[in-house]
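Come along and look things up with me, one entry at a time.

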Amino acid sequence: MQGGLLPHLGRRTPPTPPRPSAAFLGGPGEGPPCGAGLGWASEGLGAGGKNRRVCHAAARLEMGSLWEEFNRLGTEMIVTKAGRRMFPTFQVKLSGLDPLADYVLLMDFVPLDDKRYRYAFHSSSWLAAGRADPAAPGRVHFHPDSPAKGAQWMRQIVSFDKLKLTNNLLDDNGHIILNSMHRYQPRFHVVFVDPRRDSERFAHQNFKSFSFPETQFMAVTAYQNH
């Protein structure tokens, strides 16, 4: 994710967006990038800080109480050859974007550890069962409305209800490929579509990533926990 994909998103550049207001930028002109804000589950490259069009971005997980309830029990996500939608659905409410700038929203999934698991029915718990299988092909899911203005993204809840999970290593439908009986952390990324011709130079400053621990899950082909 950090190595190859995000630096090239600048190539998906739409027509130059209108100049954002000085109020959003915190003063005349763009000014230096700012650091990541506190109080949000954020991560990302760029020790020098983030572009002002992403550093104030904030994401609130929707249906948080449902995710927390699932997480307490041990969330399991079904993966199938044909692809299966997530339940609960990953949804966020965004704020802090530049209303006039263009953004791409996407998700990826990273392994939580290097283990494969099995479910022990006698103890109703997951147990490590050896080393993880070879990593599935890394893929990302672009929200189908991307790119869109910050105002559009902030106007309503952003739902990734089209995203599907599969265990088919030969999948050609663009679904996210996961290994069954492995644990994963979904990650959500907000990417500013930089209209500058040399935007790749600033790629590490133009995105902000969010991880919500309560959305971690075990990929399964059938529910184990009754």
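Entry 1: Is asparagine 173 buried or exposed? I looked it up: at 52% relative accessibility, asparagine 173 counts as exposed. Asparagine 173 sits in the loop between strand S12 (164-166) and strand S13 (176-177). I also checked its distance to alanine 82: they are 91 residues apart in sequence, yet 8.9 Å apart in space, C-alpha to C-alpha.

**Entry 2: what I am working with.** This is a predicted model, in which local features need pLDDT of at least 70 and side-chain atom pairs count only at pLDDT 80 or more, while totals for chains, interfaces and linings use all residues. Residues are numbered from 1 along each chain as its sequence is written, and side-chain values use heavy atoms, with hydrogens and water left out.

**Entry 3: the whole chain.** I counted four helices and 16 strands in the chain. Both are DSSP runs numbered from the N terminus: helices are H or I with at least four residues, strands are E with at least two. Of the 226 residues, 45% are buried. The accessible surface comes to about 11300 Å², and carbon and sulfur atoms hold 53% of that surface. The areas come from the Shrake-Rupley method with a 1.4 Å probe; for residues, only the protein chains shown count as cover. Next I looked at contacts, meaning heavy atoms within 4.5 Å. Among contacts with a separation of 6 or more, 77% are between residues 24 or more positions apart.

**Entry 4: an open sheet.** Which strands form the open sheet? I found three, in the order S2-S5-S11, with antiparallel pairing. Strand S2 (58-61) and strand S11 (158-159) each have a single partner strand and stand at the edges, so one side of each is left without a neighbour in the sheet. Two strands pair if DSSP finds at least two bridges between them. S2 and strand S5 (residues 91-95) are joined by four bridges and run antiparallel. One place to look is leucine 61, whose bridge partner in S5 is valine 92.

**Entry 5: strand S14.** How many residues of S14 are buried? Nine of its 10 residues are, so I noted S14 as mostly covered. Strand S6 (residues 102-111) pairs with S14 in the antiparallel sense over nine bridges, and there aspartate 108 stands opposite arginine 187 in S14. Strand S15 (residues 207-211) is joined to S14 by five bridges, again antiparallel; valine 191 has phenylalanine 207 as its bridge partner in S15. S16 and S14 share two bridges and run antiparallel.

**Entry 6: aromatic rings.** How many aromatic pairs does a search of the whole structure find? The search gives 11. Rings of Phe, Tyr and Trp (its six-membered ring) pair if their centres lie within 6.5 Å; planes under 30 degrees apart count as stacked, over 60 as edge-to-face and the rest as tilted. Tyrosine 119 and tryptophan 126 are edge-to-face, 5.1 Å centre to centre with 70° between the planes. Tyrosine 119 is buried at 8%, whereas tryptophan 126, at 21%, counts as partly exposed.

The rings of tyrosine 184 and phenylalanine 217 have centres 6.1 Å apart and planes at 35°, so that pair is tilted. Tyrosine 184 lies in strand S14 (residues 183-192) and phenylalanine 217 in strand S16 (residues 217-220), so the pair ties together parts that are 33 residues apart in sequence. I noted tyrosine 184 as buried at 5% and phenylalanine 217 as buried at 2%. Phe90, Phe160, Phe188, Phe210 and Phe212 form one aromatic cluster.

**Entry 7: charges over rings.** A charge sits over a ring if NZ of Lys or CZ of Arg is within 6 Å of the ring centre and within 35 degrees of the ring normal. Lysine 50 lies over the face of phenylalanine 207, at 4.1 Å from the ring centre. Arginine 196 lies over the face of phenylalanine 202, at 3.9 Å.

Technical notes
Buried < 20%, exposed > 50% of the residue type's maximum accessible area, 1.4 Å probe, protein only.
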